[in-house]
Amino acid sequence: MREKSMNKNIRKPVVLLTGANGFIGAYIALQLIREKKVQILAMVRSRDDSDAKIRLQRAWWEYPELINALDEGKIKILKGDVSANNLGLEEKTYINLVHNLTHIIHTAADLRLNASLEELRNTNLNGTKNLLYLAQRVHGDHGLERFSFLSTAYVAGKRKGDILESNLSSKDGFSSNYERSKFEAETEVRKSKIPFSIFRPGMVVGSSENGAIKTFNTIYVPLRLYLTGKIRLLPISPSNKINLVPVDYIAQSVVDLTFNLQAQNLTFHLTAPHESLPTVKELIEYTQSWAKDELGINLPKPLFLPLPHSWTQKILKTTFKEKENNAKNKRKGSESKGFSKSVMGIIAPYIQENRTFVRENTDHLLGNYPHHWKSFIDHILNYAAYMGFFHRSERTVHEQIMHRLQSKNFPVEYFDIINGEIIQQSGPEIRKKIIMAVNSLKKLGVKPQDHVAILGHNSTRYFILDVAIGLLGAVIVPLYYTSPLNEIKDILEDSFSKLLFIGTENVSKHVNQLDLSIPIISFSPNPKSHECEQTPEIMLWADFLKKGLEKPLNRNKPENLRAPVDFKSLATIRYTSGTTGKPRGVMFNHGNLRWMAEFIASMPPWKDRTSNVSYLSFLPLNHVVEGILGTYSPYYAPAPLKLYFLENFQELPSALPMVKPKVFFSVPRFYEKLWDSFQENTWGKIYMQTKNSFLKSILKKFLGNLLLKKAGLDQCSQLIVGSAPISESLIKEFQNLRIEIHNAYGLTEAPLVSINRLGENKSNTVGNPLPETGVKIAPDGEIMVKGPQVTMGYFKKDSSSLFSGKWLLTGDYGHLTPDGSLVITGRKKEVMINSYGKTISPLKIEVLLKSISGVSEAMVIGEQHPYCVALIWVDATPKSLSKLDNTIMAINTSLSRPEEIKRWAVLKNDLSIDNGDLTANLKLKRKSIVKRYEKTIDSLYEGPVSNSDTNERDNLIHSGSTGDNNEH
């Protein structure tokens, strides 16, 4: 004993932690790093060392302290398997453990309640025996300080009444094979004759601080079913206690007691005292009240019917099978096995807590339990609802898609809309093609972190390629299909793309002009779209997929594809639109994509995102927001999905009524055209011309509903606008019809920063920042952002000027309101300074000009000039040019003197990408336009507008003036 004590004084603790990538294991690792000066050996079951590191880094992605400890060497990774001989370790590694370990914390377990006893024993019993054998060898070598074993309070089986920590008995039997396997493992620990501590947690829930959890099992199951209206009858007593305990309490207790000499050879109930636990009725009533306040739903009062366990199982199976079959029968071609193995039925015994877990040892060494259930239940419910009760796995967005495509409870259907025709495909069909595409890409030599470019219309084929590239761990480089050829060539060269996929006829026919040396594959639905004179050989879609068939698919067992990446690995490069120069490649990692996808999925109201979800993808998929909204986020919604891809943007008005999407995001131009069409129809004219306030109030709701129904947006839970500024007056016009359009803000480098939430729409702002997102204003007024959606930086470019410390410099001016909402006031690089030294932001003025009916685009000029002028483009000549002039002068009354538009030219709208006037996402290229309309601009400052230039003369419709060209 003296020798052991001396060793203890000179030996730095070395802790072997099994199940390190598990939920409890991660929290224990976090506590060890925070509180103990130890070396952690984290054991992870994996294919190889590289895979082990990836799995652990994914599991710990949201714990920066653990990632830093990994990088600093405080935590070392062991690729091992507790159920294998020598723990699956090489002999040398195993012997090193024997000579160096001081502590073993064994958390690895098979937690499945409905698995066979043989399967569960493999990990829970045999794995524990293997670790005990190691522990005995360590103890014989130099003395093991502690073997800490994570058991479960439910080794008590079916026993009732007071359950003592020292008591372990199987005489009353068990409710599940899981209980039996853990009972057998605990028995082995007790008879091992090594210093141990046994911990018996109750039903582990999320952190008491934020509710975070990985797996929504046990008590979460009835909560989810109740919140989604799938259960009302509860076959349990309302007075029964529910044994909840937060994970951070478990982890803290395990760490404290593992290093406490008094805890040796003792068992601890890590459960809450009886008086700190809720009854079933209390929890349900609290959830009812919480759901009304937080989710805006009124849940029915549950019906309690206490029955024997055998009756409970039978009723639950019958009830759920009937409900599930009724739902599935509505889905054509879906099969249902019902809830033949209802998880609710399996966990019912754990809700029937007619027993008390005595905490004698726990209270003696740890003191009183620090929580009451009401102190953390809000965090638990908020987090679960935010995640839609979807398990918090280590899956990338691409892996999440593949996971969902296997789901029978939440099926996915796909639709391509091409020339007005709808082509439908099932989730399993798309999944098969994704696997084929993965295999084909491998055959073409694509490896992890290779760059693959894709350019084309929205389609299931585009989607298939995006997912396949991501599953390979390669980097997707999406391009705008409207980009000029020279820009496409520049981006392909800049991005080092190894392959190019083309899905648009226009580019395919001119691809020879790109003079590319990389393979080109067409995914266009038109088989002749690649044909043109002197076109290099292009592989067709069918031939590309055929390559993937050379590796046969296992039709009986779905392939579980896992990308060879962690969350900090580069996932995509999105190029800026080039309004202020050459496009720059903005990098996002897999962590960025997953976080944004999860948040976007959480935005709709609870009822809308837990019932059938339909979504129409029509904005180009390389657009940063559409690429996430249309490609990744739907798969985090706990509901059946119907996903539509619109090939031709011009068909949007006819496509929307067919789809009736649940969520709709678009650029301001869509809403501007929607309002123009409303003003032009008969009812709209009546509404606009009516002066009677009473009649107008009657018309509002009727016309608002009519407008939405005609547009195909009447089923939409939230209308969102972004990508460019929208007129505040336009939003208010819609609000007058009781239609809420929610302004959002983001940029290529941080796709979504803030958004106006449902019920809190402030039309003069772009809403409050997203969760985990910091926004602050620099001394010069520039908006700065920090959060999980912010880019890694520019590809191949110096990103130092992009950040100030850890804060992204957005290049936008703005301010925060007292309630925390963000207001955008201008673009830093587009701010003008007039000849009087006054600073003017053209953005605000242009938004007001574009709100004029019939105006499609506007650009304000004023840099180094005494006053501001404007170029105004219209699609058709206004019926009353004097009315347009009067409207501009009315707008001037809302502007400061330097901002007023003194003169303007009205032009035919021939702005185009090909002419170099617009970027690929239809933003003005200011330098190009100033050069093109140089003489017209000069005339606006020097005298009557000149008609000497043919191009400008042909476009000029009208010029106007306030008659006052003085700044003061």
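This briefing describes cavities, a surface patch, salt bridges and backbone angles in one protein structure. The model is predicted: local features need pLDDT of at least 70, side-chain atom pairs count only at pLDDT 80 or more, and totals for chains, interfaces and linings use all residues. Residues are numbered from 1 along each chain as its sequence is written, and side-chain values use heavy atoms, with hydrogens and water left out. Helices (H or I, at least four residues) and strands (E, at least two) are DSSP runs numbered from the N terminus.

**Cavities**

- The structure has 9 cavities of 30 Å³ or more; a cavity is a set of points, on a 1 Å grid over the protein atoms alone, where a 1.4 Å probe fits but cannot get out.
- The largest cavity holds about 170 Å³ of space, a volume being the space filled by probe spheres set on the points.
- Its lining has 16 residues, and the closest to the centre are Pro604, Val613, Ser633, Pro634 and Val663; lining residues have an atom within 4 Å of a point.
- Helix 22 (590-602), helix 23 (606-609) and strand 22 (613-617) each give at least two residues to the lining of the largest cavity, and strand 22 gives the largest share, 3 residues.
- The lining of the largest cavity consists of 10 nonpolar, 3 polar and 3 charged residues; Ala, Val, Leu, Ile, Met, Phe, Trp, Tyr, Cys and Pro count as nonpolar, Asp, Glu, Lys and Arg as charged, and the others, Gly among them, as polar.
- The second largest cavity holds about 110 Å³, and the residues lining it include Met387, Phe390, Arg594, Glu598 and Tyr636.
- In the lining of the second largest cavity, 3 residues are nonpolar, 3 polar and 4 charged.

**Salt bridges**

- The structure holds 35 salt bridges, each a side-chain nitrogen of Lys or Arg within 4 Å of a carboxyl oxygen of Asp or Glu.
- Asp494 and Lys797 form a salt bridge whose closest N and O atoms are 3.2 Å apart. Asp494 lies in helix 19 and Lys797 in the loop between strand 31 and strand 32, so this pair ties together parts that are 303 residues apart in sequence.
- Asp494 is buried, with a relative accessible area of 14%, whereas Lys797 is partly exposed at 34%; buried means under 20%, exposed over 50%, and partly exposed in between (1.4 Å probe, protein chains only).
- Arg669 and Glu672 form a salt bridge with closest N and O atoms 3.0 Å apart; both residues lie in helix 26, 3 residues apart, about one turn of the helix.
- A network of salt bridges links Arg47, Asp51 and Arg562.

**Nonpolar surface patch**

- Trp683, Ile686, Phe702 and Leu706 make a nonpolar surface patch of about 350 Å². Helix 27 (682-689) and helix 28 (693-711) are the elements that give two or more residues to this patch.
- A patch is made of residues with over 30% relative accessible area and no salt bridge, with like charges joined within 9 Å and nonpolar side chains (Val, Leu, Ile, Met, Phe, Trp, Tyr) within 5 Å; accessible areas come from the Shrake-Rupley method with a 1.4 Å probe, and for residues only the protein chains shown count as cover.
- Phe702, in helix 28, is partly exposed at 40% relative accessible area.

**Positive phi angles**

- Most residues other than glycine have a negative phi.
- Asn86 has a positive phi of about 55° and is found in the loop between strand 3 and helix 5.
- Lys660, with a positive phi near 50°, is found in the loop between helix 25 and strand 24.

Note on methods:
On a 1 Å grid over the protein atoms alone, a cavity is a set of points where a 1.4 Å probe fits but cannot get out, and a pocket is an open set with protein on both sides within 12 Å along at least five of seven lines; lining residues have an atom within 4 Å of a point.
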